[in-house]
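Please look through the sequence and the structure shown here before reading on. The report that follows takes up a few topics in turn, beginning with the aromatic rings.

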Amino acid sequence: MLNVPSQSFPGPGSQQRASSGGRSKVPLKQGRSLMDWIRLTKSGKDLTGLKGRLVEVTEEELKKHNKKDDCWICIRGYVYNVSPYMEYHPGGEEELMRAAGADGTELFHQVHRWVNYESMLKECLVGRMAVKPTALKDYREERRVLNGMLPERQVTGPPAVGSPASPSYDWFQTDSLVTIVIYTKQRDISLESIIIDHQDGSFRAETIMKDYSYLIHIGLSHEVQEDFSVRVVENVGKIEITLKKKENTSWKFLGHPLEKHSSFIPRKDAGLYYRKCRLVSKAAVTPDTRLFCVALPPGTHLQVPVGHHVYLKLSIAGTEIVKPYTPVSDSLVSEFKEPVLPNNKYIYFLIKIYPSGLLTPELDHLQIGDFVSVSSPEGSFNISKLQELEDLFLLAAGTGFTPMVKILNYALTNTPSLRKIKLMFFNKTEDDIIWRSQLEKLAFESERFDVEFVLSAPALEWNGKRGHIAPALLSEFLKRSLENSKVLLCICGPAPFTEQGTRLLYDLTFSTDEIHSFTA
C-alpha cells in the first residue's frame, strides 16, 4: 500500500528542515490549501493526463517523467502523476522533485509514511509498476505451517545485519481453548510489544521487536469469543495468546493465511494498521483543549508505550485526514480520577482545537458513541533512558505537554534513583495551562517534582515568569542536582519551539544522548 504525505520528505539540505531534525512548512500560494486540493480532486478534472486509463509502467517509462510539469513518482509499486499536486504540497516542490521519475517510497517513509495517500492522490493514479512474474506459492506448505510451528525459513526476507533473530510460532488446543504461542527469542518483550486485533474470524497479532515487526495474520478455521487473554514470559521472550472457542470442538487446523502473514520486516516497511475506536467521553480542560477518551474494540489488545504516539484518522469531505497524537493518562493525581476505566481498554488524548484547522474541529464535533480510527503506536522514545537517571528536565509548550504526562508518571513511580524532576511549561495565558491545579498539587505532594509556568502574554497581575524559551531562562532552570549527575532533557511543542529549544540545549553543552526531542 502507498503513502502520500501532506508535508512529504524534507531533504537534509531543505529549507524546511532545521538542524535539530524538526520541520516547518513552506508557505503556499493563495488558494492552494489542503481543502483547495480536495476540491480540485473532486472537480472531475483529468489529473493524470491519461483520460481515466490505468497503465502498467516500466522502469524505463517512469524515468522519462522527471520534470516539474511531467512528474511521475512510484511509491510501493504504484505510480502517481504528482505534477498537479506540486503547488499544494506543504513541503515544497523541491521535495517532490527529489523522487521525480523514480521510486520515492523510502523518502516518504522518512517523515510521513502515515498519511493516507490513497485518499490524497487517488485522482492522480497512473497505474502499477510492471513486475516480473514470480513462481506461484505452494499453499499446501502454508497449510502445514498453520498446523504447527512456523519454520524460520518461512519468515519474509533474509535477516539484516543487526536485526533480531527470526521469531516463530506454534499453537495448541484444549476442548474449550486455543493458545497461540509466539517465540520472539528476545528478552526485552512486554505486553506493549504485542498488538492484537481479532474480529469476524480474522486474527491479527503484530509483535514489535526493536525496529522490526513480526506479523501473524490468519483467518481462523472456527469461531472464537471476543474476549481473550495475553501473557508474556519476559525471561524467555514467549508470548501466549489464549482464545476461547465458541464451540467445544477439535480444530483440525488453525486457519488460512491472510495478507502479510508470517512477515518479519523492518517496521518502516510494515505500514500502519487502524482499528475503529468508540468515543466514550469528552471534557473541556482549557477553553480550547479537550480530554478525549476512546474505547478499543473488544477484540483488540493495544498498550501505547511511554513517549509513543498514535495516529487518529477521520474521513472529511471524502478524504481521509490523519494526524499524530500522544496518549496521556486520565489525570496526574489519583484524587482527580473518576471511576477508573481499565487502562488496557481505553486511550486518552489531550487535543487542542483549532477553529480554522481541518481535523480538530471535526474531532470536537464527534458525539459520544461516534467512531474514530486509531493506529498502532509509533515512536523512538525508550523508557530505558529513565533507568538510573538522577535529574529529569521537561520542557513543554502548549499541548507539547502530552508526552510529558506519562513520562512524569512513570519516572515518579519507577525511577527511585531520581533526585529531581522539573517541568518548565510554556503557554500564552493562565487559562491555557493544561491541568494547572493537578501540576501544582503534585509539586506540593512530591519533594522530587517542581513545575515552573512561563507565559508569553500574561495578565498584568501575573507574578510568574514571562517570555519565550531563551538562554537566560534555561540556564537558571537546568541545574543538575550534582555536578556529574545522569540527566535527561525532554522537549516538545510547536516546531519552532522545539527547534530553538534543542539548539539552546546544545549551546548549554548538553549532549545528544542527554536530549530527546518529540517531533511529529
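## Aromatic pairs and charges over rings

The structure holds 10 aromatic pairs, and the model in which they are found is a predicted one. In one of these pairs, the ring centres of phenylalanine 393 and phenylalanine 477 lie 5.9 Å apart with the planes at 65°, so the pair counts as edge-to-face. Because phenylalanine 393 belongs to strand β23 (residues 391-397) and phenylalanine 477 to helix α11 (residues 471-477), the pair ties together parts that are 84 residues apart in sequence. Both phenylalanine 393 and phenylalanine 477 are buried.

Phenylalanine 477 also has lysine 422 over its face, at 4.7 Å from the ring centre. Elsewhere, the charged end of arginine 204 sits over the ring of tyrosine 273, 4.0 Å from the centre of that ring. One aromatic cluster is formed by Phe401, Phe425, Trp435 and Phe453.

## The protein as a whole

The protein has 12 helices and 28 strands, and 51% of its 520 residues count as buried. When contacts between residues at least 6 apart in sequence are considered, 73% of them join residues at least 24 apart.

## Helix α9

Helix α9 (residues 402-414) has 13 residues, which at 1.5 Å a residue should span 18 Å, and this agrees with the 19 Å that separates its end C-alpha atoms. The buried residues of α9 are Thr402, Pro403, Met404, Val405, Ile407, Leu408, Ala411 and Leu412.

## Serine 213

Serine 213 is part of strand β11 (residues 212-220), and it counts as buried because its relative accessibility is 3%, under the cut-off of 20%. The side chain of serine 213 makes a polar contact, at 2.7 Å, with the side chain of glutamate 206. Setting aside residues up to four places away in sequence, serine 213 touches Glu206, Thr207, Ile208, Ser263, Phe264, Ile265, Arg267 and Ala270.

## Threonine 249

Threonine 249 is placed in the loop between β13 (238-245) and β14 (255-257). With a relative accessible area of 34%, threonine 249 is partly exposed. Although threonine 249 and serine 176 are 73 residues apart in sequence, their C-alpha atoms are 7.6 Å apart in space.

Conventions: Residues numbered from 1 in each chain as written. Predicted model: local features only at pLDDT ≥ 70, side-chain atom pairs only at ≥ 80, totals over all residues. Heavy atoms only, no water. Helix = DSSP H or I, 4+ residues; strand = E, 2+ residues; numbered from the N terminus. Buried < 20%, exposed > 50% of the residue type's maximum accessible area, 1.4 Å probe, protein only. Contact = heavy atoms within 4.5 Å. Expected span 1.5 Å × (residues − 1). Polar contact = N/O pair within 3.5 Å; in protein donor to acceptor, adjacent residues only side chain to side chain. Phe/Tyr/Trp six-rings, centres within 6.5 Å; stacked < 30°, edge-to-face > 60°. Lys NZ or Arg CZ within 6 Å of the ring centre and 35° of its normal.
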